[in-house]
Amino acid sequence: MKVLICGAGIAGLATAYWLHRHGWEPTVVERAPSLRDGGYKVDIRGTAVDVVERMGLRDAIRDRATAMRTATQYDERGRVVAVLDAELFGGRHSGDLEIMRGDLTQLLYEQTRHRLEHVFGTHVVAAERDEAQVRVAFASGEERAFDFVVGADGVHSSTRRLCFGDTVPHSLGHHIAIYTVPNHLGLDRQEAVHLAPGRTVNVYSTGGPSAKALFLFAGPESDADPRTFLADSVAGMGWEVPRLLEYAADAPDFYLDTLAQVRLDSWSKGRIALVGDAAFCPSPASGQGTSLALVGAYALAGELSADPAGGLAAYETQLRDFVAKNQALAAGNLRGMVVGSAFGVWAQTRMMKVLPHLPGHRAIIGRVADTIHEAATAVTLRDY
């Protein structure tokens, strides 16, 4: 079977790996001219850890883990409010992994780069399907036929728009911005966090001369220039924010988007299927996008290989409840990540000050990790 996979991100490369392992012939097409190696740190939790174990990648991921140590909250004057263990701050459970997105993408790419075809710098612009195949046209002008097509091209998937119609992601009323900055705070596997009403900034570094500045803020969507929109949205914040905004002007990897979820009634139409954020993006607020991508890739490839005629339906049946539980994490997480009022910021700051000194504080914070772990393990992997 020949299958076209649109998108060389985590979901696409993992799907290609598993389909090739099952004896299929995948072709991966990526709009970017080369592998996208940027992004923020991502978590691999619960059942997704089992997936990377079955891929033989668990040790390699551990070797490249962020190994974050602490998360420090600062007030608007730069005074330390509280210091937490990074594992507690991230809500991670025993066995969960954290790695930079670019490092994980590179690891997945190395598993397939010499075994199957990767085409960079183009994308699908038309697709015609019948009961036997899907004929696609690429932006390069080339036309080819495949037995199946898989859209793994992210929350704003052009494959989804082309083949499923105008399915607009569901906005959560917040935005995310992230870009690389100089590590002027001297962070070494540390996070530095500052809260203001409706806005949060997190600067972190795994060591070295650079760091990532990540902003989360509430507000309606805007057509303004992204850098201007960010500056206007976080105007008035103290701490290091003015300096971080200066760095945004020259950041080549500046990224801004609406926090949104993809909620579809079906993840497939005929011989065209969606996986990862293209199918069921839970938003970064859930912390589960990477895990859903890895588990989705495993299930899609396995079910399709076991039964090409009925595999896509089985893939949806197996993962629907799992996806719903992980998407549901976003709303609760977001309330803790971006506090809506000045009183809420004051209350959370007071709580952070006293929490490390309370008896059993690890168990108190651990309840959050338990909730995430329950969702992250809410599916059992089949052996294909």
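1. A polar contact is taken here as a pair of N or O atoms within 3.5 Å, one able to donate a hydrogen and the other to accept it within protein. In this predicted model, the side chains of Asp153 and Thr159 form such a contact at 2.8 Å.

2. Asp153 lies in the loop that runs between strand 11 (148-151) and helix 6 (158-164). With a relative accessibility of 23%, Asp153 counts as partly exposed, because that class lies between the limits of 20% and 50%. Beyond its neighbours within four places in sequence, Asp153 is in contact with Cys6, Gly7, Ser158, Thr159 and Ala278. The C-alpha atom of Asp153 is 30 Å from that of Glu87, a residue 66 positions away along the chain.

3. Helix 10 (residues 289-306) packs with helix 11 (residues 311-327) at an angle of about 160 degrees, and their axes are 8 Å apart. The two helices are therefore roughly antiparallel, as angles over 145 degrees are classed that way. Their crossing is right-handed.

4. On the helix 10 side, the residues that meet helix 11 include Leu292, Val295, Ala299 and Leu304. Among their counterparts in helix 11 are Leu312, Tyr315, Gln318 and Phe322. By class, this contact comprises 11 nonpolar, four polar and one charged residues.

5. Gln318, located in helix 11, has a relative accessibility of 17% and so counts as buried. Its side chain makes a polar contact of 3.0 Å with the side chain of Tyr384. Not counting residues up to four places away in sequence, Gln318 touches Ala299, Glu303, Val379, Thr380, Arg382 and Tyr384.

Technical notes:
Residues numbered from 1 in each chain as written. Predicted model: local features only at pLDDT ≥ 70, side-chain atom pairs only at ≥ 80, totals over all residues. Heavy atoms only, no water. Axes fitted to C-alpha atoms, helices over the stretch in contact; angles between N-to-C directions. Helix = DSSP H or I, 4+ residues; strand = E, 2+ residues; numbered from the N terminus. Parallel < 35°, antiparallel > 145°, perpendicular 65-115°, else oblique. Left-handed = near helix turned anticlockwise from the far one by under 90°. Contact = heavy atoms within 4.5 Å. Nonpolar A, V, L, I, M, F, W, Y, C, P; charged D, E, K, R; others polar. Buried < 20%, exposed > 50% of the residue type's maximum accessible area, 1.4 Å probe, protein only.
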